[in-house]
Amino acid sequence: TILATSGEEVFEILESEEVQIDIILSDYHLGHGETGIDVINQISNQIGKTIPVIFITADTSESVGENIKNKNYALLNKPIDPDSLYQLIINCLKK
């Protein structure tokens with residue numbers, strides 16, 4: 001498991017360690033006006049493959065939901081049920 005609080009931190013980790021990414025859990029709104037979608041697009045471009053993504057966000061606005069669904073990412077709104085998260089992770093990894 002890798003924990004990062006910004007896109008910059010993710011890329012520092014990816015550059016310094018040999019990492020295999022199986023799934024990404026991300027908030028939608030990150031610091032400095034950055035979104036999880038922005039960072040995930042950069043990660044996918046850098047590693048050259050699509051990775052299953054689950055967004056966990058308190059933002060229930062229609063625009064955020066549409067943005068996530070248009071990218072074929074999964075979405076859970078806070079507060080989350082641990083069992084729902086577990087099942088969604090299993091389902092995403094089966095694809």
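Start with the sheet: three strands make up an open sheet, ordered β1-β2-β3, with parallel pairing. Strands here are DSSP runs of E with at least two residues, helices are runs of H or I with at least four residues, and both are numbered from the N terminus. Two strands count as a pair if DSSP finds at least two bridges between them. Now colour the edge strands, β1 (24-26) and β3 (74-77), each of which pairs on one side only. Neighbouring strands in this sheet are turned against each other by 20° on average, ignoring direction; the angles are taken between N-to-C directions of lines fitted to C-alpha atoms, on a scale from 0 to 180 degrees.

Before moving on, a word on what you're looking at. This is a predicted model, where local features need pLDDT of at least 70 and side-chain atom pairs count only at pLDDT 80 or more, while totals for chains, interfaces and linings use all residues. Residues are numbered from 1 along each chain as its sequence is written, and side-chain values use heavy atoms, with hydrogens and water left out.

Next, select residues 53-57, which are strand β2. How many bridges link β2 and β3? There are four, in the parallel sense.

Now follow the chain to proline 79, in the loop between β3 and α4 (82-94). Show the backbone here, and look for the cis peptide bond that joins lysine 78 and proline 79, with omega at about -5°.

Pick histidine 32, in the loop between β1 and α2 (36-47). Histidine 32 isn't a glycine, yet has a positive phi of about 60°. Is histidine 32 buried or exposed? It counts as exposed because its relative accessibility is 88%; the cut-offs are under 20% relative accessible area for buried, over 50% for exposed, and partly exposed in between, using a 1.4 Å probe and protein chains only.

Then jump to asparagine 72, in the loop between α3 (62-70) and β3. Asparagine 72 also has a positive phi, about 65°, without being a glycine. With 69% relative accessibility, asparagine 72 counts as exposed.

Last stop: glutamate 15, in helix α1 (residues 7-16). Glutamate 15 is exposed, at 66% relative accessibility. Draw a C-alpha to C-alpha distance from glutamate 15 to glycine 48: the two are 33 residues apart in sequence and 14 Å apart in space.
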